[in-house]
Amino acid sequence: ASPAKRADEAEPGMFDSIRIYPSVRQLWVGTLATNTAFWMYQIALGWLALELTDSAFFVGLSGFFGGIPIFIFALPAGVVVDRFPKRNVLLCAQLGVMAAASLFALMIYTGTITQLWVLVLAFAYGTSMAFIFPTRHAIIPALVEKKDLSNAIALNAAGQNATRVFGPSLAGVLIATVGLPGAFVVAAALQIIAMLSTMRLPKAPEATHTGARPRMLASVTEGLVYVARDPMLTGLILLATVATVFIMPYLNLMPVFARDELSVASQGLGLLMACAGIGSVAEALSVAAFRTTVTRPGFQVVACGGFAIIVLLFSQTPWVAPAALLLGLSGLFSATFLAINNTVLVMRAADEVRGRVLSINMLTWGLLPVGQLPIGWLADRVGAPNATSIACGIALLLVVLLAWKVPHLRPGSEQPD
């Protein structure tokens, strides 16, 4: 029986897309592997930066160099995703990220790593991820029927969030047992698994283009205009920008919180990050099971505001157990917002511009360094807890302002067609 027939015969369930579509299973395996490596890398990079310099500012600076490529390349990446076979784009990007992780491991093992090389390799890693993230979302509609699309997107998000559980935990254990080089070696090996899984994806036919292709700038402009004309897409991307610039930088400062505020080692850092991931997985799976969640007006505003409040409370908590609980809640709220945000973006965007729409959303992640650098600088002067609290307070004010200025983000509002 064809996947479509089986989908019609089966009762709706949480794991429908993975059960019915073999290609979704391959994509999911690759997502687990590449995002586990990504979260391991985030923990290992932060710990390396702190060990090299003992400076919260350099931790923030390394995060800046890892994130700024997303800002630089996000829009061109969207054009590439729309123009070229998505499977090939994924393979090339994953090769690049594997090479960066391998060089990190080699230079740390040989003792040749320097602050400059940390920044250079972080930039290279971030450049590859700028292509991986939007491509993995944009390829989903080609793998499933439309009625299963929201389930497939939510399950992909659940896979991404699941890696926030075991990725940081694995990194913490490896750093403590085999050292930083071993952590980077495992991260590189996981990228190889992601490449092998991507190679097994079907070579879906790409869109046929007639006439001359528009220039890169014209293609980027077309995507920006498309988003600007849709109030729902515009509002969601603005909300994502607030969360990324003012709330998400707390993750970059987690090595500082773990070592200086909560007095736990690298293993403790991994466990703290895993707590955030547990909440993320639980909520992402609930979005997959309850597919009507994406239609609830204003739900993402409540989730984003709650995310800011929980992180603010975490930043002022000096005890490990309450901090772990708050991190779990922060993962739940952030996953709610991100899962709904990604689902609505994919479902609302037309096929021919979907890659560009997702790259514009990815551009908000490219703004993460805009928050990381000044918050890291502020943390050196007033401490990580106070710097994070100030940023979350600003985020709350902006969320309220957006809900006031953008009617489509308000609870109970009518959503645009």
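Helix H10 covers residues 231-247, and at 1.5 Å a residue its 17 residues should span 24 Å. The end C-alpha atoms of H10 are 24 Å apart in this model, so the expectation and the coordinates agree. Keep in mind as you look around that the model is a predicted one.

How much of H10 is buried? The count is 12 of its 17 residues, so H10 is largely enclosed by the rest of the structure. Among the buried residues are Met 232, Leu 233, Gly 235, Leu 236 and Ile 237. Further along, the list continues with Leu 239, Ala 240, Val 242, Ala 243, Thr 244, Val 245 and Ile 247.

Now let us turn to how helices pack in pairs. Two numbers describe such a pair: the angle between the axes and the distance between them.

Take H4 (residues 56-83) and H6 (residues 115-138), whose axes lie 7 Å apart at an angle of about 35°. The crossing of H4 past H6 is right-handed. Their contact brings together 18 nonpolar and 6 polar residues, with no charged ones.

A second pair is formed by H12 (residues 254-261) and H18 (residues 384-405). Here the angle is about 140° and the axes are 10 Å apart. Angles over 145 degrees would count as roughly antiparallel, and H12 and H18 are therefore oblique to each other. Which residues in H12 meet H18? They are Val 256, Phe 257 and Glu 261, and their partners in H18 are Ala 384, Pro 385 and Thr 388.

Key: Residues are numbered from 1 along each chain as its sequence is written. This is a predicted model: local features need pLDDT of at least 70, side-chain atom pairs count only at pLDDT 80 or more; totals for chains, interfaces and linings use all residues. Side-chain values use heavy atoms; hydrogens and water are left out. Axes are lines fitted to C-alpha atoms, for helices over the stretch in contact, and angles run from 0 to 180 degrees between N-to-C directions. Helices (H or I, at least four residues) and strands (E, at least two) are DSSP runs, numbered from the N terminus. Angles under 35 degrees count as roughly parallel, over 145 as roughly antiparallel, 65 to 115 as roughly perpendicular and the rest as oblique. Contact means heavy atoms within 4.5 Å. A crossing is left-handed if the near helix is turned anticlockwise from the far one by less than a right angle, and right-handed if clockwise. Ala, Val, Leu, Ile, Met, Phe, Trp, Tyr, Cys and Pro count as nonpolar, Asp, Glu, Lys and Arg as charged, and the others, Gly among them, as polar. The expected span of a helix is 1.5 Å times one less than its number of residues. Buried means under 20% relative accessible area, exposed over 50%, partly exposed in between (1.4 Å probe, protein chains only).
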